[in-house]
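Morning, everyone. Please bring up the model and follow along.

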Amino acid sequence: MTKHNFSAGPSILPKSVIQEASKGVNDINNSGLSLLEISHRSKDFKEIMHEATSLALNLLGLDNKGYKALFLQGGASMQFLMTAYNLLENKAGYLNTGAWASKALKEAKFFGDAIEIASSKDNNFNYIPKEYSIDSDLDYFHITSNNTIFGTQIKHIPDTDVCLVSDMSSDIFSRKIDFSKFGLIYAGAQKNFGPAGTTLVIVKEDILGKVSRKIPSMLDYQVHIDKESMFNTPPVFAVYTSMLTLKWLKDNGGIESIESKNNTKAKLMYQAIDTNELFVGFAAKQDRSLMNVTFNLVDSNHKELFDQMCKEANINGVNGHRSVGGYRASIYNALEIESVKVLIDVMNELKRIV
Ligand SMILES: *Cc1c(COP(=O)(O)O)cnc(C)c1O
């Protein structure tokens, strides 16, 4: 039975990756040992870590540009504080576009003057603020490129000389942007490229070493760079499976070709919402996410029936986040267009029968 998995996170991974990861759990590289029971200092695992970091930089177009890729623990939530710990000396600016952005701002305030440059809270974060300016005296400007809960996405990356930091947890590797505009990018693996348990951090090395405070080793990016993400025992399974997904992405044409597939899926979804009077989209049209499609029933009396129909069609994970309600179809890289068509068929069928 094929399930159509729209889960927001942890979320869908390519079937072939799950199969290969399972094989590695049984026996890695025909060694007679499981990936889970070998030293992270072994040749087998060192190669996995090296390949994972190389693939990440390569896919983002950041080879030989002064960037390092790290696989850390603690989730994107740990990066909320780690970014400030390592980068905030005087003042940092935050674009508050949702629940995750708000949390990032809250954590940064422990370390200094972290200010909200603009916010879309006035309309329950259903749009991306655009009328704001970025003062040149900021240590960095923090954005959330895709707002997983609200289904909005920043289409135009701000132009600024200030160091740009982005939480890209739910749209990294999904679309081509100029990643070299950023000083630091972080993303929890479990949305678009791996299992829960590791967070990818892409950091431009020359932005580090500028704060006067002392930083505990585990929270110091430079320590993790110097130790190549092996300062302590890395989450071996999460890194391995992330590496397999990045390899899958590269073998399938990289970001450019996945972006065109993602565009097709999003276009189909939004068209289905806009042409069906039973449904209404949540996010402002110009800011709609290509990864998380948020929508609602106009008449909540149809909820029980629609939910039942989704269930019968083997659709999983379309319930909206509690702060938005309604529905959220997460259409990450690994989701096939066929699954989107199944959901759209159910939406159209509902219109036909009510
Ligand atoms: C899920 C998510 C987070 C939180 O990630 P954790 O790994 O659970 O800490 C942060 N930011 C965004 C944009 C997310 O989608």
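One definition before we start: contact here means heavy atoms within 4.5 Å. Angles are taken between N-to-C directions and run from 0 to 180 degrees, with axes fitted to C-alpha atoms, for helices over the stretch in contact. And keep in mind that this is a predicted model.

With that, the first stop. Find helix α8, residues 254-274. Helix α8 lies across β11, β12 and β14. Against β12, the helix runs at about 15 degrees.

Now the strands under discussion. They form an open sheet of three, in the order β11-β12-β14, with antiparallel pairing. Which strands sit at the edges? They are β11, residues 279-281, and β14, residues 327-330. Each of these pairs on one side only. On average, neighbouring strands in this sheet are turned by 35 degrees against each other, ignoring direction.

Look at one pairing in detail. β11 and β12, residues 292-297, run antiparallel and are joined by three bridges. Opposite Gly281 you will find Phe295 of β12.

Second stop: strand β5, residues 140-144. Is this strand enclosed or open? Five of its five residues are buried, so β5 is largely enclosed by the rest of the structure. The cut-off for buried is under 20% relative accessible area. Let me take the faces in turn. In β5, one side carries Tyr140, His142 and Thr144. Phe141 and Ile143 are on the other. Both faces are covered.

What does β5 pair with? One partner is β3, residues 91-96, in the parallel sense, over three bridges. There, Ala92 has Tyr140 as its bridge partner in β5. Another is β8, residues 164-167, which also runs parallel to β5 and is joined to it by four bridges.

Last stop: Ser229. Where is it? In the loop between α6, residues 221-226, and α7, residues 236-251. Ser229 is a loop residue, then, and it is buried, with a relative accessible area of 4%. What does its side chain reach? The backbone nitrogen of Phe71, at 3.1 Å. Setting aside neighbours within four places in sequence, Ser229 also touches other residues, among them Met49, Ala69 and Leu70. His224 and Pro234 are in contact with Ser229 too.

That's my tour. Over to you.

Note on methods
Residues are numbered from 1 along each chain as its sequence is written. This is a predicted model: local features need pLDDT of at least 70, side-chain atom pairs count only at pLDDT 80 or more; totals for chains, interfaces and linings use all residues. Side-chain values use heavy atoms; hydrogens and water are left out. Helices (H or I, at least four residues) and strands (E, at least two) are DSSP runs, numbered from the N terminus. Buried means under 20% relative accessible area, exposed over 50%, partly exposed in between (1.4 Å probe, protein chains only). A polar contact is a pair of N or O atoms within 3.5 Å; within protein, one must be able to donate a hydrogen and the other to accept it, and residues adjacent in sequence count only if both atoms are side-chain atoms. Two strands pair if DSSP finds at least two bridges between them.
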